[in-house]
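Please take a moment to look at the model below before reading on.

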Amino acid sequence: MDNNIIVSLKDIVVDFDGETILNGLSLDIHDKEFVTLLGPSGCGKTTTLRIIGGFQQPKSGSVFFDGKEIADLPPYKREVNTVFQKYALFSHLNVFENVAFGLRLKKLPDQEIKQRVLEMLEIVGLKNFARRDINTLSGGQQQRVAIARALVNHPKILLLDEPLGALDLKLRKEMQIELKRIQQALNITFIYVTHDQEEALTMSDTVVVMKGGIIQQIGTPQDIYNEPVNAFVADFIGESNILDGIMVRDFLVEINGTQFTCVDKGFNPNELVNVVIRPEDIEVVPAIQGQLSGVVKSVVFKGVHYEITVEQGGFDWIIHSTQKQNVGELIGMNIGPEEIHIMKRMRD
Amino acid sequence: MKKKYISAPYLVWMALFIFAPLCLVVYFAFTDKRGNFTFENMSRLSTYAPVFLRSIILAGVATVFCLVMAYPVSYMLSRMKASRQKIMMMIIIMPMWMNFLLRTYAWMSLLERNGLINKFLGFFGVGPFNMINTNGAVILGMVYNYLPFMILPLYSTMVKIDHSLIEAAQDLGGNLYDVLTKVLIPLSMPGITTGITMVFVPSCSTFVISRMLGGDSAFMIGDLIDLQFLGNSYNPHLGSAMSLVLMVLVLLCMSLTNGFADDDSEVML
């Protein structure tokens with residue numbers, strides 16, 4: 001086995017009241033990586049995290065930590081700490097005592113506790129808040145306390161369950177960068193659960209995309225974004241145009257009656273496929289120069305770009321362009337071979 | 001500012017039926033039959049000190065029993081599915097729909113020398129035991145009657161404790177004992193003090209339970225006060241003095257509990 005693997009899940013099955021949550025999930029997590037479990041709600045990402053934390057017992061399957069089976073180990077005996085979705089801070093204790101909670105349970109000397117807690121509060125930027133009451137803190141500050149409380153125990157892995165969900169957009173962006181910084185500074189493994197694809201792409205070394213208790217794709221953010229393995233991943237990560245197409249032969253695909261050269265091969269002749277094209281990969285040209293042409297249905301200003309909807313061949317194409325177009329105008333669209341992603345037709 | 005007016009009905013009520021009677025009790029406690037000021041009522045109370053003491057001890061023991069029984073049940077209840085919580089809550093409150101006197105009479109016929117329990121034990125050649133007219137019977141009556149008053153406030157504070165707090169404590173290395181003492185008990189302290197108040201205060205001043213189940217052996221301060229107003233030793237001045245002292249004693253006991261609760265959280269800080 002790879003020595004670099006810190007957590008390994010093998011054939012994990014979990015069901016609640018007969019409903020399958022995880023369906024034979026296997027996953028290796030490498031040491032010192034920032035790994036994100038990404039998927040829509042109900043995809044089993046939080047359950048996966050709870051299995052690693054020890055809060056959920058799998059119906060079958062094994063959990064290995066540093067090569068040792070830990071499926072029967074209760075949470076308090078695992079070298080893992082968790083940042084909970086709603087922070088779960090102890091309101092009867094102040095900031096210092098919340099962070100010191102785990103160290104006090106280990107019966108460490110007061111001097112060491114004090115030093116480690118203050119050090120950790122400094123790392124999360126709450127140095128002067130030690131004596132503050134938890135209830136007087138803002139959401140972002142509470143979140144930092146929750147992170148400090150978990151990290152002060154020097155866990156080998158930090159589990160984070162949608163920790164930024166309750167924060168506003170600006171604070172969330174700040175905390176994303178902050179979390180990445182802390183992970184790199186402490187050089188430990190972070191396993192992060194989110195349904196926010198942008199968050200996943202921003203922070204992760206590895207993204208695990210899940211759906212219906214099954215892993216869809218594992219890869220770097222670049223891989224996941226540029227080379228989605230199926231239409232679900234393509235749709236979930238960023239915006240996409242997902243069309244039905246026919247793979248005429250290798251390197252040639254027919255979309256809405258027009259043939260395009262592409263870089264994909266290995267499909268049966270005339271196999272029905274899903275074609276994924278990112279909105280920003282479509283070039284807008286005058287109508288006569290375009291491979292396809294269609295009528296602009298709507299134009300929405302999004303800040304950096306305009307989101308343009310174009311009707312062509314009974315399909316509404318979404319295009320991201322920095323150039324404004326007028327509604328009702330006929331425009332042309334060009335798509336380069338590299339920008340066309342062909343994948344097996346999804347069954348559902 | 002308008003909001004002040006909506007509490008007016010209660011303020012009038014309070015003035016008429018709480019504040020005014022309290023003043024009357026104080027007045028009666030410090031006057032004799034002719035209405036002259038006197039400390040005599042108060043000084044006579046020292047002879048009843050054992051009765052005061054017994055009342056507080058019996059009520060205290062009953063409160064401890066209630067707390068020990070109610071705490072785990074309330075916790076289980078608060079972690080159940082919402083629909084099941086409602087059913088369980090109804091079962092717990094159900095005895096309270098039955099008349100208080102009737103419930104206590106029922107215990108009389110159960111505990112009597114030739115009551116149901118002794119008859120049942122008789123089949124096995126055991127007993128009969130002397131159960132009625134003991135301190136134990138009085139405590140049993142109190143626990144039976146007031147247990148729901150302990151469960152209700154405990155349950156309502158515990159149901160607000162998010163399960164993730166318990167998981168967080170475990171996550172940080174706490175075993176079950178740590179979770180209980182360092183998270184659950186401190187967070188449910190408001191429920192504990194309310195529950196103690198709601199069991200201890202009525203237990204302390206009861207006279208029905210002690211008269212029916214305790215006989216002469218567990219004569220309590222409530223019986224004594226009852227005698228001063230309705231009994232043959234009619235003396236409302238002495239009765240008022242007793243009530244006043246009982247009130248002060250109860251307040252003292254309660255502030256001790258609250259003080260203890262505060263100290264507890266103080267230590268954690």
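Within how many Å do the axes of helix 2 of chain A and helix 4 of chain A come, and at roughly what angle do they cross? This is a predicted model, in which local features need pLDDT of at least 70 and side-chain atom pairs count only at pLDDT 80 or more, while totals for chains, interfaces and linings use all residues. Residues are numbered from 1 along each chain as its sequence is written, and chains are lettered from A and ligands numbered from 1 in the order in which they are written.

The axes of helix 2 and helix 4 (residues 139–151) of chain A come within 7 Å and cross at roughly 30 degrees, where helices are DSSP runs of H or I with at least four residues, strands are runs of E with at least two, and both are numbered from the N terminus. Axes are lines fitted to C-alpha atoms, for helices over the stretch in contact, and angles run from 0 to 180 degrees between N-to-C directions. Helix 2 and helix 4 of chain A are therefore roughly parallel to each other, a term that covers angles under 35 degrees. Helix 2 of chain A contributes A:Val95, A:Asn98, A:Val99 and A:Phe101 to the contact, and helix 4 of chain A contributes A:Val145, A:Ala148 and A:Arg149, contact being defined by C-beta atoms, placed from the backbone, that lie within 7 Å. By class, these residues divide into five nonpolar, one polar and one charged (Ala, Val, Leu, Ile, Met, Phe, Trp, Tyr, Cys and Pro count as nonpolar, Asp, Glu, Lys and Arg as charged, and the others, Gly among them, as polar).

Chain A is assigned domain 1 (5–231) and domain 2 (239–344), with bounds that come from an automatic or database domain assignment. Their centres, taken over C-alpha atoms, are separated by 39 Å, and their contact takes four residues from domain 1 and six residues from domain 2.

Finally, A:Ile319 lies in strand 18 (residues 315–321) of chain A. A:Ile319 is buried, with 25 other C-beta atoms within 10 Å, the cut-off for buried being 20 or more.

Conventions: A residue is buried if 20 or more other C-beta atoms lie within 10 Å of its own, exposed if 12 or fewer, and partly exposed in between; C-beta atoms are placed from the backbone. Angles under 35 degrees count as roughly parallel, over 145 as roughly antiparallel, 65 to 115 as roughly perpendicular and the rest as oblique. Two residues are in contact if their C-beta atoms, placed from the backbone, lie within 7 Å.
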